[in-house]
Amino acid sequence: MPPGQDPVDYDPFGAGVRTDPFPAYAELHDRCPVHRFDGFPHPLYTVSRYDDVVAMLTDVGTWSSRYSQGPQYSVSGCLFSDPPE
C-alpha cells in the first residue's frame with residue numbers, strides 16, 4: 001500500500017461488493033485510491049481516482065496488460081492492450 005493510505009478490507013469478489021459495489025468504491029476513493037488485492041494468482045489492483053487511472057493507462061512499463069485487466073480475460077484491444085496495439 002502506498003504511504004499515507006489507510007488499510008481497507010476490500011475483496012472485489014465478496015458477496016457484498018458484487019451485490020452493491022458503490023459503498024466499497026466510495027471507501028476506496030476516500031481511504032485507499034490504489035488498492036492491491038492478493039487473493040488472485042496475479043496481484044489485482046483497483047484504482048478509484050481519475051488521475052491514478054490516467055497514470056496507470058499511460059505507464060505501460062509498470063502497468064502492462066500482460067496479465068489482462070482483471071480475473072476474466074478479455075478480447076484484446078483499446079484498454080486491454082499495450083502500445084502499439
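**A walk through the model**

I begin with tyrosine 45, which has 32% relative accessibility and therefore counts as partly exposed; by the definition used here, buried means under 20% relative accessible area, exposed means over 50%, and partly exposed lies in between, with a 1.4 Å probe and protein chains only. Please note that this is a predicted model, in which local features need pLDDT of at least 70, side-chain atom pairs count only at pLDDT 80 or more, and totals for chains, interfaces and linings use all residues. Residues are numbered from 1 along each chain as its sequence is written, and side-chain values use heavy atoms, with hydrogens and water left out.

Let me turn to the overall layout. The protein chain contains 3 helices and 2 strands; these are DSSP runs numbered from the N terminus, helices being H or I of at least four residues and strands E of at least two. Along the sequence they follow the pattern α-α-β-β-α. Of the 85 residues in the protein chain, 27% are buried. The protein chain exposes about 6,200 Å², of which carbon and sulfur atoms supply 55%; such areas come from the Shrake-Rupley method with a 1.4 Å probe, and for residues only the protein chains shown count as cover.

How are the two strands arranged? Strand β1, residues 34-37, and strand β2, residues 44-47, run antiparallel and are joined by 4 bridges; two strands pair if DSSP finds at least two bridges between them. Together β1 and β2 form a hairpin, with 6 residues between them. Valine 34 has valine 47 in β2 as its bridge partner, and histidine 35 stands opposite threonine 46 in β2.

A polar atom of its side chain lies 3.2 Å from the backbone oxygen of valine 8. Beyond residues up to four places away in sequence, histidine 35 touches Val8, Tyr10, Leu28, Leu44, Tyr45 and Thr46, where contact means heavy atoms within 4.5 Å.

Which residues form the largest nonpolar core? There are 6 of them: Val8, Tyr10, Val17, Ala24, Leu28 and Cys32. A nonpolar core is a set of buried Ala, Val, Leu, Ile, Met, Phe, Trp, Tyr and Cys residues joined through side-chain atoms within 4.5 Å. Alanine 24 is found in helix α2, residues 22-31, and counts as buried because its relative accessibility is 14%. Leaving aside neighbours within four places in sequence, alanine 24 is in contact with Tyr10 and Val17.

Finally, the aromatic rings. The structure holds 3 aromatic pairs. In one of them, the rings of tyrosine 45 and tryptophan 63 have centres 4.9 Å apart and planes at 80°, so the pair is edge-to-face. This pair links distant parts of the chain, 18 residues apart: tyrosine 45 is in strand β2, and tryptophan 63 is in the segment after α3 (50-58). For reference, rings of Phe, Tyr and Trp (its six-membered ring) pair if their centres lie within 6.5 Å; planes under 30 degrees apart count as stacked, over 60 as edge-to-face and the rest as tilted. Tryptophan 63 counts as partly exposed, because its relative accessibility is 28%.

Technical notes. Polar contact = N/O pair within 3.5 Å; in protein donor to acceptor, adjacent residues only side chain to side chain.
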